[in-house]
Amino acid sequence: MEAPKPEEISHPPMDQLQGLEYCIDSNPSWGEAIALGFQQYILALGTAVMIPTFLVPLMGGSDNDKVRVVQTLLFVEGINTLLQTLFGTRLPTVIGGSWAFVVPIISIIHDPSLAGIPDPHARFLYTMRAIQGALIVASSVQIILGFSHLWAICSRFFSPLGMVPVVALVGFGLFDRGFPVVGRCVEVGIPMLILFMAFSQYLKHFQAKKLPVLERFALIISVIVIWAYAHLLTASGAYRHRPELTQRNCRTDRANLISSAPWIKIPYPLQWGAPTFDAGHAFGMMAAVLVSLIESTGSYKAAARFASATPPPAHVLSRGIGWQGIGILLDGLFGTVTGSTVSVENVGLLGSTRVGSRRVIQISAGFMIFFSILGKFGALFASIPFTIFAAVYCVLFGLVASVGLSFLQFTNMNSMRNLFIVAVSFFLGLSIPEYFRQFTAAALHGPAHTKAGWFNDFLNTIFMSSPTVALIVAVFLDNTLEFKDSARDRGMPWWAKFRTFKGDSRNEEFYTLPFNLNRFFPPS
């Protein structure tokens, strides 16, 4: 038998993913783009509803307060997404609420000066104002690091090898938002997972008018079918005598959003009152802002791959971080109860639909703003059970993680040095945050538990983030372990041309600012 040729065994490294239908600046028809934008909006609802549902009751808020926070979060998400796609990295990324801010926010909620307020609504308002003040101050970290180009300087130490665990753990690090949530209502979650995979993969070649309908709109079709099925189970009394936890995760009538939502309500800055400022709260929140910065860096790298764009040059990445800081400032001014980061699930949906168009994401931002103002209609979509979203996350988070693994093609994985760096950063990136989570669940406080609350919040927030731990470990090892003689093994010859704006001719096509603004803000 003839020996296989080398090219038949291995695959040459490729700058761009194959098989994507629309790249960052190519657009589907307007009808298809609007439908895809609505699908991205539906997906963004998951986190936008989950975070306020978790935090607002702890703050003493009612269902009415929860609905207003959800509306405000969606409204600001829409504004931030438009700002990021127009003036930031210009990548097709949804800027949504971040779980990274939960640790310092819970610390603010448990502050004795706030927790001791007897009236629940007053406690909610004072806690919200304290969170707003902390977000406003902490946003300066990203604004300064981004617009001063300090983050661009820091990115000089990144290599394809160092980015592999960071981007991969942006997806893998969210494993507790996937099947553990599906398991709370398997009769809804598992059918959703199976149906979504069947439509998006096994039936993707089904076409109507030359459009792969089931692949392109697998999410929205699956959600409609399973949501109707879950409503049928609810109406038939299937959960009538089930435990409260099961009812909360399975029933379609437990969100209390539609009845509490106003018909029309426009969120506005300082709607909860004047923010209050506390140095300890602000320092703790700064850790979450740093985590958001690192997680977003990984998400931008993944989004660029799914959008068939070149890796964002250093100054474009830094510009995006600066605008993300502006977004966190808006979060603080409007009172969204949390800060902003790139929505990982929406990045994954770019890969699932094979549509990386910037226009689609901008349309989804329009839906966020529109339905956040029309409260009743937005609340209808927001009442989709969390289990349905968690089933989709199992696929979409994994897709983002796999894009991180795709950077390995530019490195030498026959090098023991590289194997060591990838192994240690992956393992510690998963193991250390899991230790912090288990310790917190058992002791009701993090491993860092000194008399300085801000210091505790800072450490506990940093080390609960898998991408952040992975970045610290991977970048440190990659730049200290035999780094002088390993540039080729690390993938630097491929990476180098994308560091500067003029290093690749395609950068101008993908990342130039609109309205001829590059005249006033030239690439540095």
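Start with W494. At 12% relative accessibility, W494 counts as buried, because buried means under 20% relative accessible area. Keep in mind throughout that this is a predicted model.

**Stop 1**

Now look at where each partner sits. F410 is in the loop between α19 (386–406) and α20 (416–443), while W494 is in helix α24 (residues 492–496), so the pair ties together parts 84 residues apart in sequence. F410 is buried too, with a relative accessible area of 9%.

**Stop 2: an edge-to-face pair**

How many aromatic pairs does the structure hold? There are 28 aromatic pairs. Select F38 and F381 to see another of them. Their ring centres are 5.4 Å apart and their planes lie at 80°, so this pair is edge-to-face. F38 belongs to helix α2 and F381 to helix α18, so the pair ties together parts 343 residues apart in sequence. Both F38 and F381 are buried.

**Stop 3: a covered helix**

Colour helix α18, residues 375–382. Is α18 mostly covered or mostly open? It is mostly covered, with six of its eight residues buried. The buried ones are G375, K376, G378, A379, F381 and A382. Next, show what lies over them. The cover includes α2 (30–58), α3 (63–87), α12 (218–235) and α17 (358–373).

**Stop 4: charges over rings**

Select R129 and Y126. The charged end of R129 sits over the Y126 ring, 5.2 Å from the ring centre. Then select R305 and F407. Here the charged end of R305 sits over the ring of F407, 5.7 Å from its centre.

**Stop 5: salt bridges**

The structure holds eight salt bridges. Pick E21 and R354 to find one of them. Their closest N and O atoms are 3.4 Å apart. E21 is in the loop between α1 (6–9) and α2, and R354 is in the loop between α16 (344–353) and α17, so the pair ties together parts 333 residues apart in sequence. E21 is partly exposed, with a relative accessible area of 41%. R354 is partly exposed as well, at 24%.

Move to E187 and R242. This salt bridge has an N to O distance of 3.8 Å. E187 lies in helix α10 and R242 in the loop between α12 and α13 (244–250), so the pair ties together parts 55 residues apart in sequence. E187 is partly exposed at 22% relative accessible area, and R242 is partly exposed at 37%.

Salt bridges that share partners join E21, E215 and R354 into one network.

One more bridge: select R177 and D176. Their closest N and O atoms are 3.6 Å apart. R177 is partly exposed, with a relative accessible area of 24%, and D176 is partly exposed, also at 24%.

**Stop 6**

Zoom in on F172, which lies in helix α8 (residues 160–172). F172 is partly exposed, with a relative accessible area of 34%.

**Stop 7: positive phi**

Most residues other than glycine have a negative phi. Which way does phi go at H149, positive or negative? H149 has a positive phi of about 70°, although it is not a glycine. Find H149 in the loop between α6 (120–147) and α7 (150–154). H149 is partly exposed, at 25% relative accessible area.

Go on to K210, in the loop between α10 (186–202) and α11 (213–216). K210 has a positive phi of about 65° and is not a glycine either. At 78% relative accessibility, K210 counts as exposed.

**Last stop: F476**

Finish in helix α22 (residues 466–480), where F476 is found. Is F476 buried or exposed? F476 is exposed, with a relative accessible area of 54%. F476 and S425 are 51 residues apart in sequence and 9.8 Å apart in space.

Technical notes: Residues are numbered from 1 along each chain as its sequence is written. This is a predicted model: local features need pLDDT of at least 70, side-chain atom pairs count only at pLDDT 80 or more; totals for chains, interfaces and linings use all residues. Side-chain values use heavy atoms; hydrogens and water are left out. Helices (H or I, at least four residues) and strands (E, at least two) are DSSP runs, numbered from the N terminus. Buried means under 20% relative accessible area, exposed over 50%, partly exposed in between (1.4 Å probe, protein chains only). Contact means heavy atoms within 4.5 Å. Rings of Phe, Tyr and Trp (its six-membered ring) pair if their centres lie within 6.5 Å; planes under 30 degrees apart count as stacked, over 60 as edge-to-face and the rest as tilted. A charge sits over a ring if NZ of Lys or CZ of Arg is within 6 Å of the ring centre and within 35 degrees of the ring normal. A salt bridge is a side-chain nitrogen of Lys or Arg within 4 Å of a carboxyl oxygen of Asp or Glu.
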